Amino acid sequence: MITGVSKTMAILALCGGVLAGCDGIVNDRPTYAGVPFKAKAKAVNKKETLAVFTTAVSKAPRSLEGARLAAHHEGTRYCIENFGSSRIAWQINPLDTDVAVPLDGDTAVYGGTCTP
């Protein structure tokens, strides 16, 4: 016969396992310079062309180095998905550390064009 304490322990163990499984869902973003960033690339005007895009990285001041890497990765991913190539003509290259990170509030915003 299962006692009340045994039931409670079984429920706690089950809940712990469920919560541990959620860790990957919450922290599923890749990290750049050790910091997870939300990055999104999208066409400037998709009715005209998908080649010209912007990449936005939220909360960039947490790590400007990481924000640069996230922007470059997201732009590369965007061009590969839409054009099968990772070549990009950047307006400001995210990997160029001699140029300040272009910020709009706390969001790093880079523009580029996917090239053949």
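User: In which helix do E81 and R77 both lie, and how many residues apart are they?

Analyst: Please note that this is a predicted model. E81 and R77 both belong to helix α2, where a spacing of four residues places them about one turn of the helix apart. Their side chains form a salt bridge, with an N to O distance of 2.6 Å.

User: How many salt bridges does the structure hold?

Analyst: A salt bridge is counted when a side-chain nitrogen of Lys or Arg is within 4 Å of a carboxyl oxygen of Asp or Glu. The structure holds two. Besides the pair already described, the side chains of R77 and E74 meet at 2.4 Å, N to O. R77 and E74 are about one helical turn apart, because they are three residues apart in helix α2.

User: Why is V52 classed as partly exposed?

Analyst: V52 is classed in this way because its relative accessible area is 30%. V52 is found in strand β4. The C-alpha atom of V52 is 8.5 Å from that of K42, and the two residues are ten apart along the chain.

User: Which residues have the most contacts inside the largest nonpolar core?

Analyst: In soluble globular proteins, nonpolar side chains tend to be buried together. In this model, the largest nonpolar core has 19 residues, and those with the most contacts inside it are F37, F53, V57, Y78 and A108. Two or more core residues come from each of β3 (39-45), β4 (49-57), α2 (64-83), β5 (88-90) and β7 (107-114). Helix α2 gives the largest share of this core, with five residues.

User: Which residues gather in a patch of positive charge on the surface?

Analyst: Lys and Arg are the residues that count as positive. The patch here brings together R29, K38, K59 and R62. One of them, K59, lies in the loop between β4 and α2.

How values were computed
Residues numbered from 1 in each chain as written. Predicted model: local features only at pLDDT ≥ 70, side-chain atom pairs only at ≥ 80, totals over all residues. Heavy atoms only, no water. Core = buried A, V, L, I, M, F, W, Y, C linked by side-chain atoms within 4.5 Å. Buried < 20%, exposed > 50% of the residue type's maximum accessible area, 1.4 Å probe, protein only. Patch = residues over 30% accessible without salt bridge, like charges linked within 9 Å, V, L, I, M, F, W, Y side chains within 5 Å. Areas by Shrake-Rupley, 256 points an atom, 1.4 Å probe, with all protein chains shown as cover. Charge placed at Lys NZ, Arg CZ, Asp CG, Glu CD.
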